[in-house]
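Here is a guided walk through one protein. Keep the sequence and the model side by side as you read.

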Amino acid sequence: MTDAQAGLSADNKRRLVAVSNRTAAGGESRAGGLAVAIWDTLVETQGLWIGWSGQLYPYPNSKVKVTEEDGVLFGLSHLSKAEYDNYYLGYANSVLWPVMHNRLDLAVFNSAYFETYASINARFAETVFEQSQPGDLIWVHDYHFFLLAKRLKALGWTQPCGFFLHIPFPAPEVFRAIPDHKDLAEGLCVYDVIGLQTTSDVENLSRYLEEEFTAERLDADTLNVNGQVVRLTHCPVGIDVDGFSAAAIDEPATKAA
């Protein structure tokens, strides 16, 4: 069990609502870092996992498909082809992914990408707000949803909302290469807790907030950013090692070899 799981499981009266771009609905793998981090707690709390359905439509589609597997509800939203191109292939994979991995040479900056990214974050926040219940604990995952909490709380959500970044957070001077870096950081700081994979990631984000927003350090892991108190925590998430080891020697893998 990860530190993040232990913290969530300690309060077993709360239903976990996880939000990520992709989910483990319909037989998707549950051996990766994201599923390892949240699946047991989702089952224990009869939780809800909200994400993209994987389906593309020729036009925006705000309908949410609700399914259930192993006692876990899935709230699946659809994307149009244009939204997929701008939000996912564009901003997430052509801006955030390369910059966060210190590959500025691969980044493609386009204002239309950010506009779509912001609109998708807003739409998913509305889905979370509509599908959640008072007392739920919201846990948002990864770089696809930096802005979700800001929209969610604007809708009236008052319960805790945490965020976990599965990829690195770069040095401040690298993150500033993103034209919208302040918008992203302001969105991040609306989360009550931000989890990061390494102590270097925690230090990079802390230093960025101190330099860019004159954030006040309240204690070792808590900052006051323009009146918003946010806790940064180092809580690495790994993969299901036993599951991957078993898959490497099962019958399909043996035949493929």
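Contact here means heavy atoms within 4.5 Å. Residues count as buried under 20% relative accessible area. Both terms come up in what follows. The model is a predicted one.

Start with the whole. The protein has 10 helices and 10 strands. Of its 257 residues, 49% are buried. Its accessible surface comes to about 11,700 Å². Carbon and sulfur atoms hold 51% of that surface. Now take the contacts with a separation of 6 or more: residues 24 or more positions apart account for 72% of them.

Next, the sheet. It is open and contains 10 strands, in the order S3-S4-S2-S1-S5-S6-S7-S10-S9-S8. The pairing is mixed. Its edge strands are S3 and S8 (216–219), and each pairs on one side only. On average, neighbouring strands are turned by 25° against each other, direction ignored. Helix H4 (residues 111–131) packs on this sheet. H4 touches S1 (16–19), S2, S3, S4 and S5, and its direction makes about 135° with that of S2.

S3 (residues 64–69) and S4 (residues 72–80) pair in the antiparallel sense over six bridges. Val 66 has Gly 75 in S4 as its bridge partner. Two residues lie between the strands of this hairpin, and Asp 70 takes a positive phi near 55°.

Strand S2 (residues 48–57) includes Leu 56. What does Leu 56 touch, leaving aside its neighbours within four places in sequence? The contacts are Leu 79, Ser 80, Lys 81 and Tyr 84. Leu 56 and Ser 80 are 24 residues apart along the chain, yet their C-alpha atoms are separated by 5.1 Å. Leu 56 counts as partly exposed because its relative accessibility is 39%.

S8 pairs with S9 (residues 222–225) in the antiparallel sense, over three bridges. Arg 217 stands opposite Leu 223 in S9.

An α-helix has 3.6 residues a turn, so residues three or four places apart point the same way. The buried residues of H8 are Asp 201, Val 202, Asn 204, Leu 205, Ser 206, Tyr 208, Leu 209 and Phe 213. What do they pack against? Their partners are helix H6 (172–175), helix H7 (181–188), S7 (193–196), S8, S9 and S10 (228–234). After H8 comes Thr 214, whose phi is positive, near 50°.

Finish with the aromatic rings. A search of the whole structure finds 19 aromatic pairs. One of them joins Trp 97 and Tyr 143. It is tilted, at 6.0 Å centre to centre and 50° between the planes. The pair links distant parts of the chain, 46 residues apart. Trp 97 sits in helix H3 (residues 81–100), and Tyr 143 in the loop between S5 (137–141) and helix H5 (148–154). Tyr 143 is buried because its relative accessible area is 6%. Elsewhere, Tyr 87, Tyr 91, Phe 114, Tyr 117, Phe 124 and Phe 145 form one aromatic cluster.

Note on methods: Residues are numbered from 1 along each chain as its sequence is written. This is a predicted model: local features need pLDDT of at least 70, side-chain atom pairs count only at pLDDT 80 or more; totals for chains, interfaces and linings use all residues. Side-chain values use heavy atoms; hydrogens and water are left out. Rings of Phe, Tyr and Trp (its six-membered ring) pair if their centres lie within 6.5 Å; planes under 30 degrees apart count as stacked, over 60 as edge-to-face and the rest as tilted. Helices (H or I, at least four residues) and strands (E, at least two) are DSSP runs, numbered from the N terminus. Buried means under 20% relative accessible area, exposed over 50%, partly exposed in between (1.4 Å probe, protein chains only). Two strands pair if DSSP finds at least two bridges between them. Accessible areas come from the Shrake-Rupley method with a 1.4 Å probe; for residues, only the protein chains shown count as cover. Axes are lines fitted to C-alpha atoms, for helices over the stretch in contact, and angles run from 0 to 180 degrees between N-to-C directions.
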